[in-house]
Amino acid sequence: MALTEEDIRRIVRAVLDAESERREKTLDDVVLKAVATILTSFGIEEEDRVELRADFVHLRKWRLSVEQAQSLTFKAVVTAIATGIVGAVWLGIKTYFGK
């Protein structure tokens, strides 16, 4: 029985698909092992995922609150400077006109 060109293409496609799946699985396994090794080297165990997530949520909230405080501080400083300048100008005008 002779194989047709279409049969050969199907066989090659099946072999390539199987090889691709095997590579993806191997790559996934390597990446998972690397990530687990890195996290373990930082003292984070796999069972601590819930706590780790809570820590990251807390860090994000902390960062956002610090950014907000910086923004409010900048606004307060600008307001204080502007108020001082306006006050100095007003005092100068009062002095100039002698009132």
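Biologist: Let's start with K25: is it buried or exposed?

Modeller: The cut-offs are relative accessible area under 20% for buried, over 50% for exposed and partly exposed in between, with a 1.4 Å probe and protein chains only. K25 comes out at 54%, so the label is exposed.

Biologist: Before we go on, what are we looking at?

Modeller: It's a predicted model, where local features need pLDDT of at least 70, side-chain atom pairs need 80 or more, and totals for chains, interfaces and linings use all residues. Residues are numbered from 1 along each chain as its sequence is written, and side-chain values use heavy atoms, leaving out hydrogens and water.

Biologist: Which residue forms a salt bridge with K25?

Modeller: A salt bridge here is a Lys or Arg side-chain nitrogen within 4 Å of an Asp or Glu carboxyl oxygen. The closest N and O atoms are 3.3 Å apart, and the partner is D29.

Biologist: How many residues apart are E67 and R63?

Modeller: Their side chains meet in a salt bridge at 3.2 Å, N to O. Both belong to helix 2 (residues 49-97), and about one helical turn separates them because the spacing is four residues.

Biologist: What geometry does the Y96 and F97 pair have?

Modeller: Ring centres of Phe, Tyr or Trp (its six-membered ring) must lie within 6.5 Å; planes under 30 degrees apart are stacked, over 60 edge-to-face, the rest tilted. Y96 and F97 have centres 5.1 Å apart and planes at 75°, so the pair is edge-to-face.

Notes. Helix = DSSP H or I, 4+ residues; strand = E, 2+ residues; numbered from the N terminus.
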